[in-house]
Amino acid sequence: PMHDARAYHGMALTYATGPRGACHLKGDYFTIDTPADGVPELGIGVGTKNQSQGKAEPVVKFQNYTEIYNSLAFCQFAPLTATRVGELMSAVTGKPWTPDALHTFGERSINIKRAISNKLGVTRKDDKLPKLVLKALRTGATAGESPDLDLMLREYYQLRDWDWETGKPSAAKLNQLGMSEVARELWP
């Protein structure tokens, strides 16, 4: 990972829950916790980088949104608003793409990746970071800072509607996203 989880608590959560491990390109949340505009169309404002409480909701929204970038091979740093991305998608597909539709697209993508990972043996216990990364430093810009990963994970799981014991997306969530076949496979 590129950014220290002690300096950006949202990145700690992003790294711990990333579908391919700790990768700053699977939800580059540090851009929200630095002076930025956020993604106002999706209710994501500029955050407080060293705050764990309440961090899960904007991380979930931002992960969902950036999935469209990953799926379309857009540069993560392209200065496009969600509205503009929707307009580009509409122009290419001939179908309307609103910021909310992009969010749902991303949510489906994150959940299908999670379901595949679950089928390959990934559980909640794999949503972690090395202890060294969570240990507060004594000096420097992040002195005394340590993200409360357990708190953020609990909020994250609740928002995603993932089962805390298994780490699986709930059957209800998968069905809500139109993924009933995946729900049947994951919850036989």
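This is a predicted model: local features need pLDDT of at least 70, side-chain atom pairs count only at pLDDT 80 or more; totals for chains, interfaces and linings use all residues.
Let me begin with Ser52, which sits in the loop between α2 and α3. Is Ser52 buried or exposed? Its relative accessibility is 8%, so Ser52 counts as buried, the cut-off being under 20%. Setting aside neighbours within four places in sequence, Ser52 is in contact with His9, Pro147, Asp148, Leu151, Met152 and Glu155.

Glu155 belongs to helix α7. Its relative accessible area is 16%, and therefore Glu155 is buried as well. Which residues does Glu155 touch, leaving aside its neighbours within four places in sequence? They are Ser52, Gln53, Gly54, Lys55 and Ala56. Along the chain, Glu155 and Met11 are 144 residues apart, and their C-alpha atoms are separated by 15 Å.

Staying in helix α7, we come to Leu153. With a relative accessible area of 7%, Leu153 is buried. Not counting residues up to four places away in sequence, Leu153 touches Leu13, Thr17, Asp127 and Trp164.

Now to helix α1. How many of the residues of α1 are buried? Nine of its nine residues are, and the helix is described as mostly covered. Among the buried residues of α1 are Leu13 and Thr17, and Leu153 touches both Leu13 and Thr17. His9 and Met11 are also buried residues of α1. As for what covers them, the buried residues of α1 pack against α2, α3 and α7.

Next, a pair of helices. Two packed helices are described by the angle between their axes and the distance between the axes. For α3 and α5, the axes come within 7 Å and cross at roughly 85 degrees. That angle makes α3 roughly perpendicular to α5, because 65 to 115 degrees counts as roughly perpendicular. The residues of this contact divide into five nonpolar, six polar and four charged. On the α3 side, the residues that meet α5 include Lys61, Tyr65 and Ile68. On the α5 side, the residues that meet α3 include Leu102, Phe105 and Lys113.

Rolling a probe the size of a water molecule over the atoms shows where empty space is left. The largest pocket has a volume of about 390 Å³. Its lining has 20 residues, and the closest to its centre are Gly38, Val39, Ala78, Pro79 and Leu80. Which helix supplies the largest share of this lining? It is α3, with four residues. Both α2, residues 30-33, and α3, residues 56-72, supply at least two residues each. By class, the lining of the largest pocket has 12 nonpolar, five polar and three charged residues.

The second largest pocket has a volume of about 200 Å³. Its lining has 17 residues, and those nearest its centre are Ala16, Thr17, Gly18, Arg114 and Asp127. The most comes from α5, with four residues. In this lining, eight residues are nonpolar, four polar and five charged.

Last, two residues with a backbone angle to note. Most residues other than glycine have a negative phi, and most peptide bonds are trans. Ala73 has a phi near 60 degrees, a positive value in a residue other than glycine. Where is Ala73? It lies in the loop between α3 and α4. With a relative accessible area of 68%, Ala73 is exposed, because the cut-off for that is over 50%.

The other one is Asp161, whose phi is near 65 degrees, again positive in a residue other than glycine. Asp161 lies in the loop between α7 and α8. At 31% relative accessibility, Asp161 counts as partly exposed.

To close, back to where we started: Ser52 is buried, and one of its contacts is Glu155, which is in helix α7. That is all from me.

Note on methods: Residues are numbered from 1 along each chain as its sequence is written. Side-chain values use heavy atoms; hydrogens and water are left out. On a 1 Å grid over the protein atoms alone, a cavity is a set of points where a 1.4 Å probe fits but cannot get out, and a pocket is an open set with protein on both sides within 12 Å along at least five of seven lines; lining residues have an atom within 4 Å of a point. Grid points are joined across faces, edges and corners, and a volume is the space filled by probe spheres set on the points. Ala, Val, Leu, Ile, Met, Phe, Trp, Tyr, Cys and Pro count as nonpolar, Asp, Glu, Lys and Arg as charged, and the others, Gly among them, as polar. Buried means under 20% relative accessible area, exposed over 50%, partly exposed in between (1.4 Å probe, protein chains only). Contact means heavy atoms within 4.5 Å. Axes are lines fitted to C-alpha atoms, for helices over the stretch in contact, and angles run from 0 to 180 degrees between N-to-C directions. Angles under 35 degrees count as roughly parallel, over 145 as roughly antiparallel, 65 to 115 as roughly perpendicular and the rest as oblique.
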